[in-house]
Amino acid sequence: MQMIGRNVMEEKTTVLVIGRHEAMLTKVVAELNVLGYQALGSAHNEAALQLGKERALDVVLIGGGVDAGSRALFHAEFPRWNPNVVLREIFPHNYLQVLQSAMSTTQV
């Protein structure tokens, strides 16, 4: 599978994955990195928000175990720092399709 949304010669697409299940979070981040994305992971709100402030994120994938209040916080805060960031909800069976869909919406 090739990277979606960017030319291979360009900078890698930066993806933040947020999830509360450490084993699944580690698996998703590792797989995305193998596929050519620059994937980061966070299981905690504070760390995720700090990454949003410090990094130029292209996509934020919000996964399992993240409560509604945290989801609302992420949807409010990440676009304040980067109006072009794409936020998507994911599940273990569909995160690659969701990422591909998110990247297609960011193409010019």
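Me: What makes strand β1 (residues 14–18) and strand β3 (residues 59–62) a pair in this predicted model?
Reply: Four bridges join β1 to β3. Pairing needs at least two bridges, so β1 and β3 count as paired. The two strands run parallel. V15 stands opposite V59 in β3.

Me: Which elements pack on the sheet next to β1?
Reply: Helix α2 (residues 45–54) touches β1 and β2. The direction of α2 makes about 145 degrees with that of β2. Helix α3 touches β1, β3 and β4. The direction of α3 makes about 165 degrees with that of β4.

Me: Why are β2 and β4 said to stand at the edges?
Reply: The open sheet has four strands in the order β2-β1-β3-β4. β2 (38–42) and β4 each have a single partner strand, so one side of each is left without a neighbour in the sheet. Neighbouring strands are turned by 20 degrees against each other on average, direction ignored.

Me: Why is the contact between E89 and R71 called a salt bridge?
Reply: The N to O distance is 1.8 Å. The cut-off is within 4 Å, so E89 and R71 qualify. E89 lies in strand β4 (residues 86–89) and R71 in helix α3 (residues 68–81), so the pair ties together parts that are 18 residues apart in sequence.

Me: What makes E77 and R80 a salt bridge?
Reply: Their closest N and O atoms are 2.9 Å apart. That is within 4 Å, so the pair counts. E77 and R80 are three residues apart in helix α3, about one helical turn. The count comes to two salt bridges.

Me: How do you know whether E77 is buried or exposed?
Reply: E77 has 18% relative accessibility. Buried means under 20%, so E77 counts as buried. R80 has 59%. Exposed means over 50%, so R80 is exposed.

Me: Why is the pair F74 and F78 called tilted?
Reply: The centres are 5.7 Å apart, with 45 degrees between the planes. Stacked needs under 30 degrees and edge-to-face over 60, so the pair is tilted. F74 is buried, at 0% relative accessible area. F78 is buried too, at 2%.

Me: What kind of pair do F78 and W81 form?
Reply: Their ring centres are 5.8 Å apart and their planes stand at 85 degrees. That angle is over 60, so the pair is edge-to-face. W81 has 28% relative accessibility and counts as partly exposed.

Me: Which residues form the aromatic cluster?
Reply: F74, F78 and W81 form one cluster.

Methods: Residues numbered from 1 in each chain as written. Predicted model: local features only at pLDDT ≥ 70, side-chain atom pairs only at ≥ 80, totals over all residues. Heavy atoms only, no water. Salt bridge = Lys/Arg side-chain N within 4 Å of Asp/Glu carboxyl O. Buried < 20%, exposed > 50% of the residue type's maximum accessible area, 1.4 Å probe, protein only. Axes fitted to C-alpha atoms, helices over the stretch in contact; angles between N-to-C directions. Contact = heavy atoms within 4.5 Å. Phe/Tyr/Trp six-rings, centres within 6.5 Å; stacked < 30°, edge-to-face > 60°.
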